[in-house]
Amino acid sequence: MTGKGEDWLALTQEEAIDPDLPICDPHHHLWNRTDDNHAYPRYLLDELLRDTASGHNIAKTVFIECGSHYRDSGPENLRAVGETEFVEAIAKESERRHVIDGSAIVAGIVGYAEFRQGEAVRALLEAHLEASPTRFRGIRQIATWDTNGELWHRNPVPPGLLLDADFRRGFACLAGYGLSYEAWLYHHQLPDLLDLAQSFPDTTIILNHIGGPLGVGAFATLREAVFSYWKHYIGRLAEYPNVVVKLGGLGMPVCGFDWHTRPAPPSSGELAEAMRPYFLWCLETFGTERCMFESNFPVDKESCSYVTIWNAFKRIAEGFSSDEKARLFHDNAVRTYRLD
């Protein structure tokens with residue numbers, strides 16, 4: 001039995017811990033897919049609101065690109081703007097629904113750009129900003145690559161993308177627009193990100209999913225070695241003040257915890273036990289000023305419910321002060337994405 005669907009998630013029920021703590025969820029997606037085997041092919045405003053209203057105090061969220069609703073006509077290099085237009089419309093609808101309680105679901109938007117087009121990427125950046133002048137905050141061009149082709153993401157990239165000269169010419173344009181970069185890669189690519197952070201100190205780099213420690217394929221039996229390698233480069237990355245890190249993403253099957261295969265979803269206590277060594281190392285090296293918890297929904301929804309994953313995060317942060325919790329769950333995300 002695999003962990004798919006609301007019926008499976010309902011097998012593990014929890015009440016929200018510290019339900020009044022304000023949360024800004026800085027990483028979720030929106031899509032309506034018919035061409036893949038994802039456990040949650042539809043995740044639009046109704047599904048998002050169902051999760052964010054399930055017990056925790058979600059004050060704001062940030063949408064992260066996922067290759068959804070691109071334009072199907074017009075210049076090829078501008079078609080990704082369709083996703084920003086699509087999410088901007090959802091954000092406005094959310095505003096209409098939430099005018100009374102003041103919550104800002106989809107307060108920020110991060111879109112896609114192909115940096116290897118060099119300086120020509122400026123036209124795309126400007127089109128994103130025109131489509132969402134008050135919410136657009138950054139770009140994610142996924143860099144995940146591994147010798148195992150099954151681990152490639154939806155847009156296969158070559159090894160060493162972050163070191164590519166054309167990529168860097170396009171990447172250099174971000175700072176002039178005040179836009180950040182979302183880095184999604186695997187743990188063995190962290191040295192490339194280290195070089196990128198060093199080369200572009202004026203661009204904020206937001207490391208997604210703690211840097212993608214793999215636990216499948218060739219890495220399935222190497223968890224300690226992967227952790228050691230990952231730990232070293234996370235410590236190195238923390239030396240650069242332009243890098244911040246999102247604490248989350250370990251519910252993805254590629255991390256190898258296999259929660260999605262269980263007869264019932266794990267409890268928040270089980271999740272916290274597995275995640276704690278990774279998150280505490282990020283907190284030790286980056287500090288509570290440069291870390292933020294993220295749901296990564298609906299991707300991590302393959303492993304647990306929205307209530308459960310935020311409960312796990314709250315268990316990990318249990319010993320932190322009220323000010324530190326405020327930063328980790330809300331303030332750092334709001335500041336990083338300029339949501340005020």
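This is a predicted model: local features need pLDDT of at least 70, side-chain atom pairs count only at pLDDT 80 or more; totals for chains, interfaces and linings use all residues.

Me: Good. Which residues of α2 are buried?
Reply: Helix α2 covers residues 45-52, and six of its eight residues are buried, so this helix is largely enclosed by the rest of the structure. With the under 20% cut-off, the buried residues of α2 are Leu45, Glu47, Leu48, Leu49, Asp51 and Thr52.

Me: And what covers the buried residues of α2?
Reply: Both strands and helices take part, α3 among them. The cover includes β1 (22-28), β3 (42-43), β4 (57-64), α3, β5 (104-111) and α10 (306-316).

Me: How are α2 and α3 oriented to each other?
Reply: Two packed helices are described by the angle between their axes and the distance between the axes. For α2 and α3 the angle is about 50 degrees, with the axes 11 Å apart. Angles under 35 degrees would count as roughly parallel and 65 to 115 as roughly perpendicular. This pair is therefore oblique.

Me: Which residues make that contact between α2 and α3?
Reply: α2 passes α3 in a right-handed crossing. By class, the contact has three nonpolar, one polar and three charged residues. From α3 come Ile90, Glu93, Ser94 and Arg97, and from α2 come Leu45, Asp46 and Leu49.

Me: Now α3 with α4: roughly parallel or roughly antiparallel?
Reply: α3 spans residues 81-97 and α4 spans residues 121-131. They pack at an angle of about 15 degrees, with their axes 9 Å apart. Angles under 35 degrees count as roughly parallel, and over 145 as roughly antiparallel. α3 and α4 are therefore roughly parallel.

Me: What is the make-up by class of the contact of α3 with α4?
Reply: The crossing of α3 and α4 is right-handed. Val81, Thr84, Glu85 and Glu88 of α3 meet Leu124, Ala127, His128 and Ala131 of α4. Sorted by class, that gives four nonpolar, two polar and two charged residues.

Me: How many disulfides does the structure hold?
Reply: A disulfide is a covalent bond between the sulfur atoms of two cysteines, and the cut-off for calling one here is within 2.5 Å. The count for this structure is zero.

Me: Which cysteine sulfur is nearest to that of cysteine 66, and is cysteine 66 buried or exposed?
Reply: Cysteine 66 has 2% relative accessibility, so it counts as buried. Cysteine 173 is also buried, at 1% relative accessibility. As for the partner search, cysteine 66 is in no disulfide, and 17 Å away lies the nearest cysteine sulfur, that of cysteine 24.

Me: Histidine 28 next. What does this residue touch, leaving out residues up to four places away in sequence?
Reply: Histidine 28 lies in strand β1 and is buried, with a relative accessible area of 0%. The residues touched by histidine 28 are Leu48, Thr61, Val62, Phe63, Ile64, Val106, Ser295 and Phe297.

Me: Is histidine 330 buried or exposed?
Reply: Histidine 330 is found in helix α11 (residues 322-336). Beyond its neighbours within four places in sequence, histidine 330 is in contact with Pro22, Ile23, Cys24, Ala59, Lys60 and Lys325. Its relative accessibility is 16%, under the 20% cut-off, so histidine 330 counts as buried.

Me: Where is proline 298 found?
Reply: The backbone has a point worth checking here: the peptide bond from phenylalanine 297 to proline 298 is cis, with omega near 5 degrees. Proline 298 sits in the loop between β10 (291-293) and α10.

Me: Last one, on backbone angles. What is phi of isoleucine 210, and what is phi of aspartate 258?
Reply: Isoleucine 210 lies in the loop between β8 (205-207) and α8 (223-237) and is buried at 0% relative accessibility. Aspartate 258 is in the loop between β9 (243-247) and α9 (268-286), and at 39% relative accessibility it counts as partly exposed. Each has a positive phi in a residue other than glycine. The values are near 50 degrees for isoleucine 210 and near 60 degrees for aspartate 258.

Methods: Residues are numbered from 1 along each chain as its sequence is written. Side-chain values use heavy atoms; hydrogens and water are left out. Buried means under 20% relative accessible area, exposed over 50%, partly exposed in between (1.4 Å probe, protein chains only). Axes are lines fitted to C-alpha atoms, for helices over the stretch in contact, and angles run from 0 to 180 degrees between N-to-C directions. Helices (H or I, at least four residues) and strands (E, at least two) are DSSP runs, numbered from the N terminus. A crossing is left-handed if the near helix is turned anticlockwise from the far one by less than a right angle, and right-handed if clockwise. Contact means heavy atoms within 4.5 Å. Ala, Val, Leu, Ile, Met, Phe, Trp, Tyr, Cys and Pro count as nonpolar, Asp, Glu, Lys and Arg as charged, and the others, Gly among them, as polar.
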